[in-house]
Amino acid sequence: MYQRLILAATLLLLGNASQLRAQSAISRLVINENEVYLVGPDNVLLADTLIMHHKATIQFNQGKPALMGVNAAFIGKNCKIIAKGLDGSFRRTGVHASNGQDGSPAEVNIHFVTLGSLVIDTGGGNGDTGEDGVSELASTIKSDGDGTYKSAAPVRATKAGGLGGRGGNGGTITLTYSTQDFIPRFNQYRKQNSIILLYKGGTGGKPGRYGKVNGKDGADGEVKLVNMNLPANVRAQ
C-alpha cells in the first residue's frame, strides 16, 4: 500500500545519507484543539500517525523549504499547515516599507484516513506601508495687538510619502496524497473532506501619507498534486 511507503519516500527527498540518519519518525503525534505545533529547525516533520483535532495548526519555520511525511493522518475541521511568509512590519524590522517575506516551498506526502478540512498555506507576506510624507504647513495665531495673523512656526518643506514594501512571493505546494474511501474537495470552503491551498504572492504595501506608489505584489507560487489513488499514468494533476 502507498501509505506504508510514505516515510521512506519522504526521507529520500532529503538527499544525502547524513540527513537520512538524522531523521526519525514520530510514532504518534497528537495536536490538540487550537494547539500550534512548531516544527524543529530542520523544517522536517515525519510521523507514522498524525492526529489533528479541530483548529490544530502545524507551523513550519519561515525562510527554508518545508518537508512533511505522514503514513496515516486523522484531520479534524479547520486545521492548518502553515509555511507562509511573514508580513513586512515596522515594529519588527524598525524599517519603513519593509518587504513581505517569501512563503516557503512545501513538500507534503500524506495518507488521509479521515479529513474534516485542512488549509495548506505557503502564501507570501504582505508589504508594509511606506513612510509618511509631510505637506507644506505654516501654523498661524492671532496676534493680541491689531487682530492680524502671523506665522507661529516655520513652514515645513513638502515631502512625498514613501512607496509601500514589496509583497513576498508565494511558495510552491507539492502535495502527494492518498485517501481512505473518500474523494477530497480542493479549494471548496465549508465542505467536508476539503483541502484549501493558499499559494498567492503577498500584496504590496500602501504608500505612506502623501505618497502615490504602492509596493509591488509578490509572484504566486505553484501547485503540484499527485493522487496516489489513481493509476500511475494519470496521477499528476
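User: In this predicted model, which residue of strand 5 is the bridge partner of Leu-45?

Analyst: Strand 3 and strand 5 pair in the parallel sense over 8 bridges. Strand 3 covers residues 44-52 and strand 5 covers residues 66-75. The bridge partner of Leu-45 in strand 5 is Met-68.

User: In what order do the strands of the open sheet lie?

Analyst: The open sheet is formed by 6 strands, and the pairing is parallel. Its edge strands are strand 1 and strand 14, each of which pairs on one side only. Neighbouring strands are turned by 25° against each other on average, direction ignored. The order is 1-3-5-7-11-14.

User: Which residues touch the most other members of the largest nonpolar core?

Analyst: This core holds 32 residues. Among the elements that give two or more residues to the core are strand 1, strand 7 (106-115) and strand 13 (194-198). The residues that touch the most other members are Ile-58, Met-68 and Phe-112.

User: Which residue of strand 6 stands opposite Ile-58?

Analyst: Strand 4, residues 57-59, pairs with strand 6 in the parallel sense over 3 bridges. Leaving aside neighbours within four places in sequence, Ile-58 has contacts that include Leu-45, Met-68 and Ile-82. The residue of strand 6 that stands opposite Ile-58 is Ile-81.

User: Which residue of strand 8 does Cys-79 stand opposite?

Analyst: Strand 6 and strand 8 run parallel and are joined by 4 bridges. Cys-79 stands opposite a residue of strand 8, namely Leu-118.

User: Is Asn-227 buried or exposed?

Analyst: Asn-227 lies in strand 14. The side chain of Asn-227 makes a polar contact of 3.5 Å with the side chain of Tyr-177. Because the relative accessible area of Asn-227 is 11%, and the cut-off is under 20%, Asn-227 counts as buried.

User: How far apart are the closest N and O atoms in the salt bridge of Lys-84 with Asp-87?

Analyst: Side chains of opposite charge can pair when their charged atoms come close. Lys-84 counts as partly exposed at 27% relative accessibility, and Asp-87 is partly exposed at 36%. The closest N and O atoms of Lys-84 and Asp-87 are apart by 3.7 Å.

User: With which residue does Asp-220 meet in a salt bridge?

Analyst: The count of salt bridges comes to 2. Asp-220 is partly exposed, with a relative accessible area of 43%. The salt bridge of Asp-220 has an N to O distance of 3.6 Å, and the partners are 20 residues apart in the loop between strand 13 and strand 14. The partner of Asp-220 is Lys-200.

How values were computed: Residues numbered from 1 in each chain as written. Predicted model: local features only at pLDDT ≥ 70, side-chain atom pairs only at ≥ 80, totals over all residues. Heavy atoms only, no water. Core = buried A, V, L, I, M, F, W, Y, C linked by side-chain atoms within 4.5 Å. Buried < 20%, exposed > 50% of the residue type's maximum accessible area, 1.4 Å probe, protein only. Contact = heavy atoms within 4.5 Å. Pairing = 2+ DSSP bridges. Axes fitted to C-alpha atoms, helices over the stretch in contact; angles between N-to-C directions. Polar contact = N/O pair within 3.5 Å; in protein donor to acceptor, adjacent residues only side chain to side chain. Salt bridge = Lys/Arg side-chain N within 4 Å of Asp/Glu carboxyl O.
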